[in-house]
Amino acid sequence: MNVFPAADVFIDSNIVIRNCYDFHSGDLERLKNYVELGIIRLLTSEIVVKEVDNNLRQDVTRYASELTNFISKRNPINELRFLDEKHKFLLEDFSNLGWENYVSNQWHTFLKTTERNIIPIGSVSVDEIVQDYFNLKPPFENAKLKKSEFPDAIIIKSLINYSKDSIVTTYILTDDK
């Protein structure tokens, strides 16, 4: 057991997506192990939870469709489906197998097992966000992408509000600039 207070570690959606929703190895498993050891406390936002869920469902649906198309367009593989019962699964429409629900459940299980803390976004002032938007403050500094940055702006403000009263350092895991 760790005698020091656990560091707060905020995980952004792009980290989960970059790790291909692999909750059983690599970076995401290491985070889970650090939580279990009491070294870190995992933080996230309801925005991140929903972003990951939406992205993983879209990705899994797309990959299932690509797999079906790949099999149907490759004669040697496509012919295997007629070989015997063992290869009958190649006839499946992989997009109808519910893989997106399985992966989504893995995401929510990861969140539950890491006892993640959801940072409330209710403390964020709409006025502050709008002022940052018009003053081109990060994350709104890129005029072409401004509208898509509202979720990040809300997350940033909520993290600032959360961490200013915290007694431990808050680390942010993200690929965003």
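Because the model is predicted, local features need a pLDDT of at least 70 and side-chain atom pairs count only at pLDDT 80 or more, while totals for chains, interfaces and linings use all residues. Residues are numbered from 1 along each chain as its sequence is written, and side-chain values use heavy atoms, with hydrogens and water left out.

The protein chain holds 7 helices and 4 strands, where helices (H or I, at least four residues) and strands (E, at least two) are DSSP runs numbered from the N terminus. Read from the N terminus on, the elements follow the order β-α-α-β-α-α-α-β-α-α-β. Of the 177 residues in the protein chain, 34% are buried; buried means under 20% relative accessible area, exposed means over 50%, and partly exposed lies in between, with a 1.4 Å probe and protein chains only. Among contacts (heavy atoms within 4.5 Å) in the protein chain with a separation of 6 or more, 76% are between residues 24 or more positions apart.

Helix H3, residues 46-73, has 28 residues and reaches 41 Å from its first C-alpha to its last, close to the 40 Å expected at 1.5 Å a residue, the expected span being 1.5 Å times one less than the number of residues. Its buried residues are Ile47, Val48, Val49, Val52, Asp53, Leu56, Asp59, Val60, Ala64 and Ile71. In general, an α-helix has 3.6 residues a turn, so residues three or four places apart point the same way.

Two packed helices are described by the angle between their axes and the distance between the axes. The axes are lines fitted to C-alpha atoms, for helices over the stretch in contact, and the angles run from 0 to 180 degrees between N-to-C directions. H3 packs against helix H5 (residues 99-113) at an angle of about 150 degrees, with the axes 8 Å apart. H3 and H5 are therefore roughly antiparallel to each other, given that angles under 35 degrees count as roughly parallel, over 145 as roughly antiparallel, 65 to 115 as roughly perpendicular and the rest as oblique. The contact includes Val52, Leu56 and Val60 of H3, together with Val103, Trp107 and Leu111 among the residues of H5. By class, the residues of the contact of H3 with H5 divide into 11 nonpolar, 4 polar and 3 charged, where Ala, Val, Leu, Ile, Met, Phe, Trp, Tyr, Cys and Pro count as nonpolar, Asp, Glu, Lys and Arg as charged, and the others, Gly among them, as polar.

H3 also meets helix H7, and the axes of H3 and H7 come within 10 Å and cross at roughly 145 degrees. Here Ile47, Val48 and Glu51 of H3 make the contact with Pro151, Ile154 and Ile155 of H7. H7 itself has 14 residues and reaches 20 Å from its first C-alpha to its last, close to the 20 Å expected at 1.5 Å a residue. In H7, the residues Asp152, Ala153, Ile155, Lys157, Ser158, Leu159 and Asn161 are buried, and what covers the buried residues of H7 includes strand S1 (7-11), strand S2 (40-45), H3, strand S3 (117-119), H6 and strand S4 (170-173).

Helix H6 (residues 126-134) packs with H7 (residues 150-163) at an angle of about 125 degrees, with their axes 10 Å apart, and H6 and H7 are therefore oblique to each other. In this pair, Glu128, Ile129, Asp132 and Tyr133 in H6 meet Phe150, Ala153, Ile154 and Lys157 in H7.

The loop between H6 and H7 holds leucine 136 and proline 139. Most residues other than glycine have a negative phi, and most peptide bonds are trans. Leucine 136, however, has a positive phi of about 55 degrees although it is not a glycine, and a cis peptide bond with omega of about 10 degrees joins proline 138 and proline 139. At 40% relative accessibility, leucine 136 counts as partly exposed.

Another loop, between H1 and H2, contains cysteine 20, whose phi is near 55 degrees, a positive value in a residue other than glycine. Cysteine 20 is exposed, with a relative accessible area of 59%, whereas asparagine 19 is buried, with a relative accessible area of 16%.
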